[in-house]
Amino acid sequence: LTLSGTDTSRVLLITGDIEVAILDVAISGGNSDSGGGIYNTGALRLTNSIVSGNTASGYGGGIYNNAGTLTLTDSAISSNSADLGGGIFNETGTVTLTESALSGNTAGSGGGIYNSFGTLTITDSTVNGNTGDNGGGIYNNGAGDLTNSTISGNTATVAGGGIYNNYDSLTITDSTVNGNY
């Protein structure tokens, strides 16, 4: 199943005290000021799904997680673009990626993901081929934990090709960070 915004509107808006589970869905063609593919303030679980080809003029080309809970398992966030957080922009929320991939996303900062005062946990996942001015792969301005993951092939034009960690905590365990520029 593919859900598309036909390049004219956001694909999904999830707000309030709600839990949503999405399985085996492709979300593409979204276009909005924030959260081109998905705007989430609730509790969202994506499993075996793809968020690709979405655009935001502001935050979160693929997904804008605004004080919500976002859990991705066996999913891919690819080829999205935004001013901040090309793949995902997490603002004061909680994002957990397990066995997932962030690839080919583009943003001013946080090509793959921008974590703004939130909690980011990446396990058994890859962040590769993303581009941004700062933090080509990851821009972390919150609490981050990377375990058994690979951050590679990302590019930043200013600083932090793979990871730009801005004043907050980032723990990297049994992971590889290489080949970033």
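Is Arg10 buried, partly exposed or exposed? Arg10 is partly exposed, with a relative accessible area of 25%; buried means under 20%, exposed over 50%, and partly exposed in between, using a 1.4 Å probe and protein chains only.

Before going on, a note on the source. This is a predicted model, where local features need pLDDT of at least 70, side-chain atom pairs count only at pLDDT 80 or more, and totals for chains, interfaces and linings use all residues. Residues are numbered from 1 along each chain as its sequence is written, and side-chain values use heavy atoms, with hydrogens and water left out.

Back to Arg10. Its partner in a salt bridge is Asp33, with the closest N and O atoms 3.6 Å apart; the term requires a side-chain nitrogen of Lys or Arg within 4 Å of a carboxyl oxygen of Asp or Glu. The pair links distant parts of the chain, 23 residues apart: Arg10 is in the loop between E1 and strand E2 (12-14), and Asp33 in the loop between strand E5 (31-32) and strand E6 (38-40). Searching the whole structure gives 1 salt bridge.

Now the sheet. An open sheet of 8 strands runs in the order E1-E4-E8-E12-E16-E19-E22-E26, with parallel pairing. Strands are DSSP runs of E, at least two residues, numbered from the N terminus, and two of them pair if DSSP finds at least two bridges between them. At the edges, strand E1 (2-4) and strand E26 (176-178) each pair on one side only. Inside the order, 3 bridges join E19 (126-128) to E22 (150-152), and Thr126 has Thr150 in E22 as its bridge partner.

Last, Asn141, in strand E21 (138-147). Asn141 is buried, at 9% relative accessible area.

Technical notes: Helix = DSSP H or I, 4+ residues; strand = E, 2+ residues; numbered from the N terminus.
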